[in-house]
Structures are given as C-alpha cells and as structure tokens.
Amino acid sequence: MILAHKSSFVKLVDKGGKIYVCGDAKNMAKDVMQATISAFQTVRDINEEEAKKLVLQLQKDKQYLQDIWT
C-alpha cells in the first residue's frame with residue numbers, strides 16, 4: 001500500500017504525519033521500512049542512502065515509530 005500511494009504517503013509525512021509500525025521484526029517491519037525508503041527515494045528523486053538517512057531522522061524525531069517483536 002505504501003508504494004501504491006507513495007506520493008500521498010510522502011506528502012502526509014512531510015506535513016507531520018506519523019508512521020506507526022506494529023508487527024513482527026523479521027519480515028513485516030523490515031518490509032515496511034524498505035517500502036518507506038523506496039517511497040521517499042522515488043518521490044524525492046534521491047538515492048537510497050539519502051532516503052535511509054531521511055527515515056532514520058524520522059525515527060529520531062519520533063515520526064516513524066515501531067512496536068515490533070521477534
């Protein structure tokens with residue numbers, strides 16, 4: 001769903017929207033993280049490393065929150 005609506009997703013996050021990820025760390029959380037990175041990479045036309053840094057900053061700013069388990 002994130003990639004299917006990537007422009008809207010990025011726009012909402014840019015406006016202060018929060019990302020809450022709840023689920024298993026092994027598969028789901030990893031996939032959501034990668035989809036988020038890919039969405040920012042595509043919409044902002046940046047490389048993967050820059051997109052990863054952006055998502056890490058969202059985590060530091062408590063805008064990307066995870067409740068995950070193994």
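Helices here are DSSP runs of H or I with at least four residues, and strands are runs of E with at least two, numbered from the N terminus. The model is predicted, so local features need pLDDT of at least 70 and side-chain atom pairs count only at pLDDT 80 or more, while totals for chains, interfaces and linings use all residues. Residues are numbered from 1 along each chain as its sequence is written, and side-chain values use heavy atoms, leaving out hydrogens and water.

Is Thr36 buried or exposed? Its relative accessibility is 0%, so Thr36 counts as buried; the cut-offs are under 20% relative accessible area for buried, over 50% for exposed and partly exposed in between, with a 1.4 Å probe and protein chains only. Leaving aside residues up to four places away in sequence, Thr36 touches Ile2, Phe9, Ile19, Val55 and Tyr64, where contact means heavy atoms within 4.5 Å.

Now the helix itself. α2 covers residues 25–44, 20 residues in total, and spans 27 Å from first C-alpha to last, close to the expected 28 Å at 1.5 Å a residue. That expected span is 1.5 Å times one less than the number of residues. Besides Thr36, the buried residues of α2 include Met33, Ile37 and Phe40. Among the elements covering the buried residues are α1 (6–14), β1 (19–24), α3 (48–60) and β2 (64–69).

At the N-terminal end, Asp24 caps α2, with a side-chain oxygen 2.9 Å from the backbone nitrogen of Asn27. A polar contact is a pair of N or O atoms within 3.5 Å; within protein, one must be able to donate a hydrogen and the other to accept it, and residues adjacent in sequence count only if both atoms are side-chain atoms.

Next, the packing against α1. The axes of α1 and α2 come within 9 Å and cross at roughly 95°. Axes are lines fitted to C-alpha atoms, for helices over the stretch in contact, with angles from 0 to 180 degrees between N-to-C directions. α1 is therefore roughly perpendicular to α2, a label for 65 to 115 degrees; under 35 is roughly parallel, over 145 roughly antiparallel and the rest oblique. On the α1 side the contact includes Phe9 and Val13, and on the α2 side Thr36 and Phe40.

Last, the loops. Asp45 follows α2 with a positive phi near 55°, and is exposed at 70% relative accessible area. Lys62, in the loop between α3 and β2, also has a positive phi, about 60°.
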